[in-house]
Amino acid sequence: MKPDITFYRRFAADILSDKKIITIRDKTESHFHPGEQLRVGYEDDSSIFCTIEVISVVPVAPGDLTNDHARQENMSLAELQDVISQIYPGEQQLYVISFRRIDEG
Ligand SMILES: CC(=O)Nc1ccn([C@H]2C[C@H](O)[C@@H](CO)O2)c(=O)n1
């Protein structure tokens with residue numbers, strides 16, 4: 001079965017240990033709704049590694065990212081800004097998807 005959302009493999013351990021509870025995405029992945037359950041897969045092979053429930057989807061400009069966002073990503077703010085600029089270079093409108101993990105696999 002195909003995942004509803006994918007993550008780079010390096011972030012999976014943080015999701016599975018509930019240290020990473022948000023993800024920041026562009027408009028193409030801003031269509032999720034609170035209460036929706038998403039199958040989560042690896043970016044590289046699309047295999048499923050857990051299920052999450054969406055809590056909220058909130059717009060954010062990259063320049064408005066805070067230490068609180070970084071804490072919820074289990075990163076420093078500098079690391080988060082670096083990741084975002086690599087994945088979404090030049091993007092001015094992003095979305096914070098807050099979630100809770102429901103189960104593994
Ligand atoms: C296709 C795609 O965009 N894949 C992504 C995007 C973001 N992430 C992670 C990286 C950071 O931890 C946050 C913020 O973007 O989400 C990802 O794993 N895969």
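Where is T23 found?

Modeller: T23 is found in strand 2. Keep in mind that this is a predicted model; the mean pLDDT of the protein chain is 97, with 99% of its residues at 70 or more, and the complex gets an ipTM of 0.88 and a pTM of 0.96 from the predictor.

Now for the residue itself. T23 counts as buried because its relative accessibility is 4%, under the 20% cut-off. Beyond its neighbours within four places in sequence, T23 is in contact with I5, F7, E73, Y95, V96, I97 and F99. Its side chain also makes a polar contact, at 2.8 Å, with the side chain of R25.

An unreviewed UniProt entry carries the annotation "active site" for K20, T23 and E73. Those three span 54 residues in sequence, but no two of their C-alpha atoms are more than 7.9 Å apart, so they gather at one spot. K20, T23 and E73 are also part of the lining of the largest pocket.

As for K20, look in the loop between helix 1 (12-16) and strand 2 (22-25). With a relative accessibility of 2%, K20 counts as buried. Leaving out neighbours within four places in sequence, K20 is in contact with F7, F11, D14, I15, Q72, E73 and F99.

Technical notes. Residues are numbered from 1 along each chain as its sequence is written. This is a predicted model: local features need pLDDT of at least 70, side-chain atom pairs count only at pLDDT 80 or more; totals for chains, interfaces and linings use all residues. Side-chain values use heavy atoms; hydrogens and water are left out. pLDDT is the predictor's confidence in each residue, from 0 to 100. UniProt positions are given in the numbering used here, feature names are shortened, and annotations may be inferred rather than shown by experiment. On a 1 Å grid over the protein atoms alone, a cavity is a set of points where a 1.4 Å probe fits but cannot get out, and a pocket is an open set with protein on both sides within 12 Å along at least five of seven lines; lining residues have an atom within 4 Å of a point. Helices (H or I, at least four residues) and strands (E, at least two) are DSSP runs, numbered from the N terminus. Buried means under 20% relative accessible area, exposed over 50%, partly exposed in between (1.4 Å probe, protein chains only). Contact means heavy atoms within 4.5 Å. A polar contact is a pair of N or O atoms within 3.5 Å; within protein, one must be able to donate a hydrogen and the other to accept it, and residues adjacent in sequence count only if both atoms are side-chain atoms.
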